[in-house]
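Good morning, and thank you for coming. I shall speak about contacts between side chains, and I ask you to keep the picture in view as we proceed.

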Amino acid sequence: MSIYDTIIDLFEYRDNDLYWKEQPGSIDMSKPAGHIDNSRGYRVIWIKGKKYRAHRLIYQMFNEQWDITDSSQDNSIDHADRDKLNNSIDNLRVATQSQNIANSGKPKNNVYWDKRAGKWQVMVMLNKKSHFGGRFVNKEEAIAKATKMREELHGEFANHG
């Protein structure tokens, strides 16, 4: 039985979460399946001794051709709004690791003071590579350049914090 078939057999999707179809033990059926993993902030569900993030199971449920267990494909699922508990299928999308990182919180150090040049410098990362955006006297100009570069480099995954 594929993971897709297992998900379809075990869960129903409602209110942007997964709910058990049948009560496993003393589980409260009125609450979403699984629990929130305090270390990472995602809802996780155990199936046959293996832990899965609920958003990945939900994406699999709606996209049978995508395989959560296939390690040869890029298996990152991104929350477009960056809310790890908003598991609306409309909020979930396949992402490369770089795209997921680009959308994972406030951008870090895209604009910083270059002591040697005495100017604000812009650097934006993509696929572990730094992209130089120039040096600026005015910090606001540097921030505007960093914003534009994030939009160009990261597209729909651009995050301006």
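Five salt bridges are present in this structure, which is a predicted model. I shall take three of them in turn.

In one of them, D114 pairs with R135, and their closest N and O atoms are 2.9 Å apart. D114 belongs to strand β8 (residues 111-114) and R135 to strand β10 (residues 129-136), so this bridge ties together parts that are 21 residues apart in sequence. Are the two partners buried or exposed? D114 is buried, at 9% relative accessible area, while R135 is partly exposed, at 41%.

Another salt bridge joins K51 and D37, at 3.6 Å from N to O. K51 sits in strand β5 (residues 50-53), and D37 in the loop between β3 (35-36) and β4 (43-47); the two are 14 residues apart. Here D37 is buried, with a relative accessible area of 15%, because the limit for that word is under 20%. K51, at 43%, is partly exposed.

The next salt bridge is formed by E12 and R14, with 3.4 Å between the closest N and O atoms. E12 is partly exposed at 34%, and R14 is partly exposed at 30%. R14 also lies over the face of Y19, 3.7 Å from the ring centre.

That brings us to the aromatic rings. The structure has four aromatic pairs. In one of these, the ring centres of F11 and W20 are 4.6 Å apart and the planes meet at 40 degrees, so the pair is tilted. Both F11 and W20 are buried. W113 and W120 form an edge-to-face pair, with 5.1 Å between centres and 70 degrees between planes.

Conventions. Residues are numbered from 1 along each chain as its sequence is written. This is a predicted model: local features need pLDDT of at least 70, side-chain atom pairs count only at pLDDT 80 or more; totals for chains, interfaces and linings use all residues. Side-chain values use heavy atoms; hydrogens and water are left out. Rings of Phe, Tyr and Trp (its six-membered ring) pair if their centres lie within 6.5 Å; planes under 30 degrees apart count as stacked, over 60 as edge-to-face and the rest as tilted. Buried means under 20% relative accessible area, exposed over 50%, partly exposed in between (1.4 Å probe, protein chains only). A charge sits over a ring if NZ of Lys or CZ of Arg is within 6 Å of the ring centre and within 35 degrees of the ring normal. A salt bridge is a side-chain nitrogen of Lys or Arg within 4 Å of a carboxyl oxygen of Asp or Glu. Helices (H or I, at least four residues) and strands (E, at least two) are DSSP runs, numbered from the N terminus.
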